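Please look through the structure below before reading on.

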Amino acid sequence: MSYPYQIKSFEEYKAAYQKSIEDPAGFWEDIANHFTWKKKWASKEDVLRWNFKEPTVEWFKGAKMNITENCLDRHLAERGNQPAIIWEANDPEYPSRILTYKKLHEKVCQFAHVLKNNGVQKGDRVCIYMGMIPRLAIAVLACARIGAVHSVIFGGFSAQSIADRLEDAQATFIITCDGAYRGAKDIPLKSVIDDALIGNKTIKKVIVATRTRTAVSMIKGRDVWWEDEVQHIEDKGITYIEAEEMDAEDPLFILYTSGSTGKPKGVVHTCGGYMIYANYTFVNVFQYQPGQIHFCTADVGWITGHSYVVYGPLSAGATTLMFEGVPTFPDAGRFWDIVDKFKVNILYTAPTAIRSLMGFGLGPLQGKDLSSLKVLGTVGEPINEEAWHWYDENVGKKKCPIVDTWWQTETGACLISNMAGITPAKPSWATLPMPGVQMVLVDENGKEVEGEAGQTVSGNLCVKAPWPGILRTTWGDHERCRTNYFATYDNMYFTGDGALRDKDGNYRITGRVDDVLNVSGHRIGTAEVENAINMHAGVVESAVVGYPHEVKGQGIYAYVIYQGSHAQNTHGSGDLVRKDILQTVTRMIGAIAKPDKIQFVSGLPKTRSGKIMRRILRKIAEGETENLGDTSTLLDPAVVDEILNGRI
Ligand code: WTA
């Protein structure tokens, strides 16, 4: 497979960018022509229709396709025997697995039959809650094969979170595992699903794959084993299923993500635009060469896993490495062992992982052959210069370009990143927008920040026109999509991030400007955590803010007013109540949302209209003791001193 649209020089990048702005439809039409379509778009007018007011965005509407034909079938003739997925288990002693394109195609087709036999139809929402095993990719692709809308939920979310998502998506099927291995832990996935299903009225079937073989309950008529179901298909000698004809604008998946309100949003991506954009950025950002091994360490439960473990690489006929475990198990040399073992060429991970591995020193790198590495990447949060240089020197041996890719669940794939070895890198800067991406910085009034020549400027990061991978809606609530992303500034998509731009047009992301935290590269809404804390008996009110954390990027700091029957605890160390609250948050959301610090307070700094002044709380959490800003508008300024004195 060759990629005629792979950019080969900085000059080519500039030319492509220019063309993409002058003639977006023409630019993306040329690229789209290199994919497999069942029926092409009728004319250039059908390539793009949009209006950010409503918002509506349609790419290639009326064109018919199936993303799995692009990820699987079209590679069979040329690279049927090439590994599509290399899988490394959590336990290094457990045999790794290779699925060739031919094998993966067969397994996806067979599982697609299983879905159909169990009643799944085009358009149905299928929730996938599994560990990082090849069957997760198979489940995702099998849904896409028959036109079912998958919604993958990360294995760290609690039963309550799953229940909320099932309800919101009105999901009718679940695919899960008995359990999952992650480091030293076994996660009882099926049992979490069972809890999530108490009171659920929509789920018809649960398909359970075995991995840990922990004991699980199987409810007659509802729960079926993956292996048994596949066996029925294999017994009939079936290895193929026709790919469902999808409109380019039919939904491909829903992925829930946090925003500034208490309820996660179901971000919807469609088949055609998402495919083209995930593929285009994969091929260009990483400068993927046929035959290379691409190792993205993200879980498929997050957007990074969707776009750069599954759809981007497979649509490009690449070999994608899927790792079940964590970077520190059985020791902090695990990533390096994997790179060495499989001769990985591209390593794409999160700054949090790099910072955490830095903490173990250079020992775990010793004796590991990393010479196969060609390109390194980071995603999910700003990378500090120290971590960038450590990655560059000790992992890339100063020979591998590092791509700092900025993007979001809503953007489908990278919007800002250097292209490895093609466009210049700048440590801790995501650098330049992808072709087709009209980035702008605006001030609070929505006025574009131009800046004088030679100046670095700052503002809120927005995009002026659609790219093919932009979200189309938030599931079941289009108005929410509009108010969240398209209403803050007129005629622009607002990212929620702040950024700097230097004189060369490079962007540096400074972080969220809304009430969303980024903990270890995971997005968590402060309101979500507050809601969870407030569920705890005895909690009167809470306020959650982020603070800088050496490894996680941001930590979660919670201020809690507590008047429960165990109130005496707060006068002592309060440790027991703290633990109870953490338990409640784990139940309501999942362990990833647990506050790092909980401070009990008797009041919160509020304005006379009752609004919490988070700015003050943020400063205190950051360790600031003076310069808290104007506190004169507070209802009770004395509360600030009390909070300061009780700071953790
Ligand atoms: C942040 C993850 C700085 C940002 C793909 C964004 C980054 C949020 C970077 C989206 C980066 C992502 N540099 N910040 N390279 N990449 N972010 O939806 O705040 O999980 O808005 O998507 O992560 O997180 P999400």
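The second largest pocket holds about 330 Å³ of space, where a volume is the space filled by probe spheres set on grid points that are joined across faces, edges and corners. This is a predicted model, in which local features need pLDDT of at least 70 and side-chain atom pairs count only at pLDDT 80 or more, while totals for chains, interfaces and linings use all residues. Residues are numbered from 1 along each chain as its sequence is written, and side-chain values use heavy atoms, with hydrogens and water left out.

**The second largest pocket**

- A pocket is, on a 1 Å grid over the protein atoms alone, an open set of points where a 1.4 Å probe fits, with protein on both sides within 12 Å along at least five of seven lines, and lining residues have an atom within 4 Å of a point.
- The lining has 17 residues, and Arg97, Lys107, Arg135, Trp226 and Glu227 are the ones that lie nearest the centre of the pocket.
- Strand E5 (97-100), helix H5 (101-117), helix H6 (134-146) and helix H9 (226-235) each give two or more residues to this lining, and H9 gives the most, with five residues; helices (H or I, at least four residues) and strands (E, at least two) are DSSP runs, numbered from the N terminus.

**The ligand**

- The ligand is surrounded by 17 residues, of which Asp404, Thr405, Thr409, Asp497 and Arg523 are the closest, a residue being near if one of its heavy atoms lies within 4 Å.
- Polar side-chain atoms lie 2.8 Å from a ligand oxygen atom in the case of Arg523, 2.9 Å in the case of Gln408 and 3.2 Å in the case of Asn518.
- Of the 530 Å² of accessible area that the ligand has on its own, the protein covers 96%, with areas taken from the Shrake-Rupley method with a 1.4 Å probe.

**Residues in loops**

- Lys398, in the loop between helix H14 (385-395) and E20, has a positive phi near 60° although it is not glycine, and at 57% relative accessibility Lys398 counts as exposed (over 50%; buried is under 20%, and partly exposed is in between, with a 1.4 Å probe and protein chains only).
- Ser428, in the loop between E20 and strand E21 (439-442), also has a positive phi, near 75°, but counts as buried at 5% relative accessibility.
- A cis peptide bond with omega near -5° runs from Phe329 to Pro330.

Terms used
A polar contact is a pair of N or O atoms within 3.5 Å; within protein, one must be able to donate a hydrogen and the other to accept it, and residues adjacent in sequence count only if both atoms are side-chain atoms.
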